[in-house]
Amino acid sequence: MELKVALCQTAMEWENPQVNLRRIERMLVGVDADLVVLPEMFATGFVTDPARVAQPMSGGIVSWMRERAQDAGCALAGSLVVEEGGRYFNRLLFAMPSGGLVCYDKRHLFSIGGEGEAFTPGASRTVVEYGGFLFLLLICYDLRFPVWSRCRGDYDAILCVASWPESRREAWRTLLRARAIENQAYVLGVNRTGSDPTARYSGDSVAVGFMGETFAEADDAECVLQVALDRERLVRFRERFPAWRDADAFSLEG
């Protein structure tokens, strides 16, 4: 079973959703995929003052995602700033072509950059089933915490959306491959490019195989990477090399 995935590495105009959504639409013209993945805070750029850009779940950005998924007949994933009950979340949405919507709130907020001051952290992991695959959803800084993303037989691929700065690009590249190897899973890492008032972004979006091999990788230019994931190959590899059987038992608290 194969799933066609498009990783949309885009630049962003600071806090300008209308321009950024139109930009993404142009990039996706003619793209044939079952799943399209966008970067972290794809509509606004990475902001730590959420009140300036936050929208409710009934807002225009969420509606755009749902409409785009239904019109294109593919799933669409990416994160945005959501206001709910007076609190703010960096929320990754996985919009299904059927109209369904799955949410994951970023667990590990980037406190070093001020994200933890205004946002509420997520409380639980989220695994999405789509197209015969199980996807663990992560957002940017989550990637640094291997216990949170440890596979316990509950997913086939990690989907990580990010606004990861150029100054730490080697950490991004290394951690994506580490998560793939240690979890015997595909890893799809989608980063932005361009710059904002605080950082420059090098892109480096990548699709990594379950042995750490690179399927497709971007440089710092806007682009759409297209790859096909093969679940049968993954299952066979896990059966032939069952390192998961020797993993340490643990539980998550808090």
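Where is Glu15 found? I looked, and Glu15 sits in the loop between S1 and H1. Helices here are DSSP runs of H or I with at least four residues, strands are runs of E with at least two, and both are numbered from the N terminus.

I am working on a predicted model, where local features need pLDDT of at least 70, side-chain atom pairs count only at pLDDT 80 or more, and totals for chains, interfaces and linings use all residues. Residues are numbered from 1 along each chain as its sequence is written, and side-chain values use heavy atoms, with hydrogens and water left out.

**Entry: Glu15**

I checked the backbone next. Glu15 is not a glycine, yet its phi is positive, about 55°. Its relative accessibility is 24%, so I logged Glu15 as partly exposed. My cut-offs: buried is under 20% relative accessible area, exposed is over 50%, and partly exposed is in between (1.4 Å probe, protein chains only).

**Entry: helix H1**

I listed the buried residues of H1 (residues 17–27): Asn20, Leu21, Ile24 and Met27. Down the axis of H1 they fall within an arc of 120°, so they line one face of the helix. The arc is taken from the directions from the helix axis to the C-beta atoms. On the face turned away from that buried side I found the exposed residues Gln18 and Arg26.

What covers the buried residues of H1? Strand S1 (2–9), helix H2 (60–72) and strand S14 (223–230) are among the covering elements.

**Entry: H1 against H2**

I then took the packing geometry. H1 and H2 pack at about 15°, with axes 12 Å apart. That makes H1 roughly parallel to H2, a label for angles under 35 degrees. Axes are lines fitted to C-alpha atoms, for helices over the stretch in contact, and angles run from 0 to 180 degrees between N-to-C directions.

From H1, the contact uses Pro17, Leu21, Arg22, Ile24 and Glu25; from H2, it uses Ile61, Trp64 and Arg68. Contact means heavy atoms within 4.5 Å. By class, I have five nonpolar, no polar and three charged residues.

**Entry: Cys140**

I looked up another positive phi. Cys140, also a residue other than glycine, has phi near 45°. Cys140 lies in the loop between strand S7 (133–139) and strand S8 (157–162). Its relative accessible area is 8%, so Cys140 is buried.

**Entry: Gly132**

Gly132 is in the loop between strand S6 (127–130) and S7. Gly132 is partly exposed at 34% relative accessible area. I set aside its neighbours within four places in sequence; Gly132 then contacts Met1, Asp156 and Arg231. Met1 is 131 residues from Gly132 in sequence, but 7.4 Å away in space, C-alpha to C-alpha.

Definitions and conventions. Parallel < 35°, antiparallel > 145°, perpendicular 65-115°, else oblique. Nonpolar A, V, L, I, M, F, W, Y, C, P; charged D, E, K, R; others polar.
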